[in-house]
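Subject: Handing over a structure

Hello,

Here is the structure I promised to pass on. Please have it open while you read, and my notes on it follow below.

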2 protein chains.
Amino acid sequence: MNTSENDVIARFTAVARSGASGGQLRLGIGDDGALFAPRPGYETIVTCDWFLEGTHFLRNLHPADAIGWKCLVRALSDIAAMGGAPKCFVLSLALPSGYTGEWLSRFLRGLRRAARKFACPLAGGDTTERREILISITALGEVRKGQAILRSGAKPGDAIFVSGVLGEADLGLKLLRRAGPHGTKTDSALRKHLYPEPRLGLGKWLSNRRLASAMMDLSDGLSTDLTRLCRASGIGARMEAAKLPSARLSESAGRSEIKNLDPISLVLNGGDDYELLFTVPQRAVRRIPNLFQGIPLTPIGEITRDRRVMLVTPNSEVRIASGGWDPFRRRSK
Amino acid sequence: MNTSENDVIARFTAVARSGASGGQLRLGIGDDGALFAPRPGYETIVTCDWFLEGTHFLRNLHPADAIGWKCLVRALSDIAAMGGAPKCFVLSLALPSGYTGEWLSRFLRGLRRAARKFACPLAGGDTTERREILISITALGEVRKGQAILRSGAKPGDAIFVSGVLGEADLGLKLLRRAGPHGTKTDSALRKHLYPEPRLGLGKWLSNRRLASAMMDLSDGLSTDLTRLCRASGIGARMEAAKLPSARLSESAGRSEIKNLDPISLVLNGGDDYELLFTVPQRAVRRIPNLFQGIPLTPIGEITRDRRVMLVTPNSEVRIASGGWDPFRRRSK
C-alpha cells in the first residue's frame, strides 16, 4: 500500500468540502487547527465520544457506512441532550493499512451523510495507522446562553419522560448478530441499531420553550442513565413498568426474535438508543405532546425526594441498580 | 478490580476542579457535554490529536506522568501555532483494567500539571476499558478574529524561522531507549522528549504583532512539516544547512550518544519537537529577536516561488523529501 497520511488527509478534505457548510466554520481541515466563529449570545457545547472496534462495534459485523454514521450521531445525541444545535466536529481515526481503500470510502459515505443531514461539517482530524479501528469524535454545538438543559435540574414532583421506544437498538444488535452483516437492513430495530437519529429537534424545542428541568440522552441504558440523572440532581425516581415504551410494543421485529428476551430488562439495560430522557415540572406537563415530529413522548414516572430509583409493577416495587453499559464493570450480558 | 466508570469519572472531576479555573468554562465534567463561553471578537480554535501506546509512546518506557503531560501539550502546541491561547480540553481515555489505580494517578498528575501551567482545564471526557492505553485529546483555544496565523500565508521572499533547537526530542527518545524508564531525567534532550513546552507565548506574540505570514508547529519533523507549509502556501523553500539549530549544538547530551547520529538527519526528520516554524516578511525580519523568553529564534532560509523544498550546503543543493513521521508510510527509522 502506498497511502501516505497526506493522501488520507486529502480524502477527508474532499468530504469536509462536500459536507454541510457550517457558515460559522471559518477554517476547516488542513491547518494546525480549525477556526470556529461563535455567535454572540450563545455558548459552545463540547462533547467527545469513543467508538472502538470490539468495544462499540465489530469490524466484521457492522457495515462501514453505519460505523461512519453512528460515530457522529453518538456525539450529536449529547448535543441534543443539552438542547443545542450541532456546529462542527473533529475526528481522530486510526485504521489498519488495508482499510484506507474501499472500507474508508464507505465509512466516509456514512459519515458525510450524517454530517450533511445534521448540518455538522468535519472541521479537522488526526489519522494514524493501527492494527485496530479506533475512532474518537469531538463535536461542537451551540445553545443560547442560559438555555442549556443540564442533568442537575430535576425537582421532586417533576414528571419523567422518554422519547421513542427503548431497547430497540439492543434488539437490533441481537438481530444483527443472528442475521450477520448481509442480513436485511429494513427491520426498524436493526435500522435503529445501525443508523440511530439524534433527537436534535426535540432537544432544541424543549430548550427554546424551557419545558424540561433536566435532560440527558439514553446511551448506556435507562437504569444506568436515570441513576446518573438522579445523582446529578440529588433526587430519586419512581418508574411505572407498565408505562415503559418497550421495544416489545414495536411491530418491527419478528416475534420469534423477541420471544426469548425479557422486555423489561431490554428497556432498562439496553444501550445505544440515543433517545432523550427528560423531566418536566408538573405545571408544564400538559404542554408535552404525545408525539413530537412523529416520535412518541412517554411519561414513565415521577421524580421523588427519596434518592432511590424504584420500578413499580402491579405486584411489587423494586429498587433499580444501574444495569446498563459500564466498560469498567465486568458483566455477562 | 471494582472500579466502575462512575468512579473513574469522579477522579477526573477532582482533577478538573483542582485545575486552572478557565473562567469561560461554564460547565465541566459530569453532563452530556461541557459549556464554554466564547468572548466577543474572538474565534475558537479546535484541534485534536491521537496519543496511542505503541505508536506515540511505550507503556513500559514512558513514565505515566510524562504521558499525561505530553498528550495535552501536543494539542496546545497546535493552538500556539495559530497564535491562540488555550481555553479547555476534552479527553478520550481507554485503559487496561489494571491501570485505573497508581498508573492513572500518575497520569492525572502530569495532565493536571500541564492543565494548570497552561491555564487549560479539563472540560469533559469519555473513558473506557481496553487492552491498550489509548488517548485522544481535543483542545479549544481562542484567537482574536482575523489574527490566527495559518499555514497558507507564506510569500516568496519571506524569511523562514524556527524556535528552539531541532532534533532534540528525537535525541531524547534515543537516550530514553538506551537508559530505560529509570534513567536520569535531568538531561535536557530527555526532558524535551518527555515534557515538551508548547510555544504559546511566542505564538501569541507573533499573532498580536502580526509579524508572521505563516506558522505551524514542528511535530513530525522539519522536512515533513516545512513541505506541508509550502504546499499550503503554494510556494517552496531554500534552507541553509549551516543555519539549522541542531541538537548537536546543545551541550545537554553526552557526546557518546551523539557520535553515531547524523545531526542533519536528526534536525530534518526528528519529530516531537513542538517548536514553531514561521515565516516573516522581509520588512519585519529586524523585529524578530534572537531570543524570545529564553528560546532562540533562528532564521534558516527563505521562501521561494519555485515549489520545491531545497537544502543548501557549502558543496551541494539537494531537494528535500518529507522524511519525518508519517504513520501511513512504512519506514525504517
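To start with one detail: which residue in E2(B) is the bridge partner of Leu25(B)? The partner is Phe36(B).

Before going further, some ground rules. This is a predicted model, in which local features need pLDDT of at least 70, side-chain atom pairs count only at pLDDT 80 or more, and totals for chains, interfaces and linings use all residues. Residues are numbered from 1 along each chain as its sequence is written, chains are lettered from A and ligands numbered from 1 in the order in which they are written, and side-chain values use heavy atoms, with hydrogens and water left out.

**The sheets**

Helices (H or I, at least four residues) and strands (E, at least two) are DSSP runs, numbered from the N terminus. Two strands pair if DSSP finds at least two bridges between them. Strands of a sheet pair through backbone hydrogen bonds, either parallel or antiparallel.

One open sheet has 6 strands in the order E5(A)-E4(A)-E6(A)-E3(A)-E2(B)-E1(B), with mixed pairing. Its edge strands are E5 (122-129) of chain A and E1 (25-27) of chain B, each pairing on one side only. From one strand to the next, the twist averages 20° (axes are lines fitted to C-alpha atoms, for helices over the stretch in contact, and angles run from 0 to 180 degrees between N-to-C directions). The residue pair I opened with belongs to E1(B) and E2(B), which run antiparallel and are joined by 2 bridges.

Another open sheet of 6 strands runs E1(A)-E2(A)-E3(B)-E6(B)-E4(B)-E5(B), again with mixed pairing. Strand E1 (25-27) of chain A and strand E5 (122-129) of chain B each have a single partner strand, so one side of each is left without a neighbour in the sheet. Here, E2 (residues 34-36) of chain A and E3 (residues 42-52) of chain B run antiparallel, joined by 3 bridges. Within that pairing, Phe36(A) has Thr44(B) as its bridge partner. By contrast, E4 (residues 85-95) of chain B runs parallel to E5(B), with 7 bridges between them, and Leu93(B) stands opposite Thr127(B).

Helices lie across these strands too. Helix H3 (residues 102-117) of chain A lies across E4 (85-95) and E6 (134-144) of chain A, at about 170° to E4(A). In chain B, helix H2 (residues 64-80) lies across E3, E4 and E6 (134-144), at about 140° to E3(B).

**Where the chains meet**

How many residues does each chain bring to the contact? Chain A and chain B bring 73 residues each (contact means heavy atoms within 4.5 Å). Between them they bury about 5,900 Å², 50% of it on carbon and sulfur atoms; buried area is the accessible area (1.4 Å probe) that two parts lose on being put together, summed over both.

The interface has 10 salt bridges, a salt bridge being a side-chain nitrogen of Lys or Arg within 4 Å of a carboxyl oxygen of Asp or Glu. In a salt bridge between the chains, Arg26(A) meets Glu43(B) (2.8 Å, N to O). Strand E3 (residues 42-52) of chain A gives the most to the side of chain A that touches chain B, with 10 residues.

**One more link**

Over all chains, the structure holds 42 salt bridges. One of them joins Lys192(A) and Glu275(A) (2.8 Å, N to O). Lys192(A) lies in helix H5 and Glu275(A) in strand E10 of chain A, so the pair ties together parts that are 83 residues apart in sequence.

Best wishes
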